[in-house]
Amino acid sequence: MDLILKYFPDLTPDQIEKFKKLETLYQDWNLKINVVSRKDIDELYLRHVLHSLGIAKVISFKDGSNILDVGTGGGFPGVPLAILYPECSFHLVDSIAKKLKVVNEVVEGLGLTNVKTTHSRVEDIDDTYDFIVSRAVAIMPTFVHWVKGKIAKKQQHELKNGILYLKGGDLSEELKDYKAASIYHLSNYYAEDFFDTKQVVHLPLKYRG
Ligand SMILES: C[S@@+](CC[C@H](N)C(=O)[O-])C[C@H]1O[C@@H](n2cnc3c(N)ncnc32)[C@H](O)[C@@H]1O
């Protein structure tokens, strides 16, 4: 938890409480339904919470923003971002129901009122969002295809509406057809070795016209 405060020192007491509670909730639920690997659960704050919050180092979501988390699994990056941005709406989608069971329990346990979950493939979601966040779900061309038409027209941020994807490793091949993509290295924001190869990719997308 100190790790979160190291990089996000301005959290409110309510946010600190919620981030603290995450550990017990995930430990309990992960014993029943495995959504986070055993190794990772011991490093929940580093590998999941702080990593998810890397998106917040690249952009500060304005109040009222709508954000879709595609393939949220156990709730990453959606749940940590929803704690950080209580005035934004988060829609967490996954095609596997049992993963959402854990997410729903965590959301309820934390008393988060800004999170909606849907058991669905993202291709079948018919709504628009300011940003679509994700981690470890699909390569960019597949992902872009899935989320086409789900971007809102109204721009409220300096960064154009589009995808904010947490990725690792060399992305030159994967992103070669996306000239508009920007890469933000998380090592510029976080000192821990885990982030040496981690990046946030921002890809602006056209709204539904
Ligand atoms: C490797 S897990 C990553 C989970 C989470 N984002 C994380 O980083 O911890 C990938 C998740 O994407 C989901 N998924 C894959 N394709 C999907 C699709 N088309 N629509 C919705 N969810 C999908 C899977 O069910 C799985 O839970």
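**Sheet, helices and ligand shell**

Trainee: Which residue in strand 3 stands opposite V93?

Mentor: This is a predicted model, in which local features need a pLDDT of at least 70 and side-chain atom pairs count only at pLDDT 80 or more, while totals for chains, interfaces and linings use all residues. Numbering starts from 1 along each chain as its sequence is written. Strands (E, at least two residues) and helices (H or I, at least four) are DSSP runs, numbered from the N terminus. In strand 3, the residue opposite V93 is T118.

Trainee: How many bridges join strand 1 to strand 2?

Mentor: Two strands are said to pair if DSSP finds at least two bridges between them. Strand 2, residues 89-94, pairs with strand 3 in the parallel sense over five bridges. L68 has H91 in strand 2 as its bridge partner. Strand 1 (residues 66-70) and strand 2 also run parallel, and the number of bridges joining them is five.

Trainee: What is the average twist from one strand to the next?

Mentor: Axes are lines fitted to C-alpha atoms, for helices over the stretch in contact, and angles run from 0 to 180 degrees between N-to-C directions. The open sheet has seven strands in the order 3-2-1-4-5-7-6, with mixed pairing. Its edge strands, each pairing on one side only, are strand 3 (115-119) and strand 6 (182-185). From one strand to the next, the twist averages 20°.

Trainee: Why is strand 2 described as largely enclosed by the rest of the structure?

Mentor: A residue is buried if 20 or more other C-beta atoms, placed from the backbone, lie within 10 Å of its own, exposed if 12 or fewer do, and partly exposed in between. Strand 2 is largely enclosed because, of its six residues, the number buried is five.

Trainee: How far apart are the axes of helix 2 and helix 7?

Mentor: Two packed helices are described by the angle between their axes and the distance between the axes. Helix 2 (residues 13-32) packs on helix 7 at an angle of about 145°, and the distance between their axes is 10 Å.

Trainee: Which residues of helix 7 make the contact with helix 2?

Mentor: Two residues are in contact if their C-beta atoms, placed from the backbone, lie within 7 Å. Helix 2 contributes K18, K21, L25, Y26 and W29, and the residues of helix 7 are V102, E105, V106, G109 and L110.

Trainee: Is A136 buried or exposed?

Mentor: A136 lies in the loop between strand 4 (131-135) and helix 8 (140-147). Its phi is near 60°, a positive value in a residue other than glycine. With 11 other C-beta atoms within 10 Å, A136 is exposed.

Trainee: What is the omega of the peptide bond that joins F76 and P77?

Mentor: P77 is found in the loop between strand 1 and helix 6 (78-84). The bond joining F76 and P77 is a cis peptide bond, with omega about 5°.

Trainee: How many charged residues are in the shell around the ligand?

Mentor: A residue is near a molecule or strand if its C-beta atom, placed from the backbone, lies within 6 Å of it. The ligand is surrounded by 18 residues, the closest being G71, G73, F76, V122 and R135. Ala, Val, Leu, Ile, Met, Phe, Trp, Tyr, Cys and Pro count as nonpolar, Asp, Glu, Lys and Arg as charged, and the others, Gly among them, as polar. The shell divides into eight nonpolar and five polar residues, and the number charged is five.
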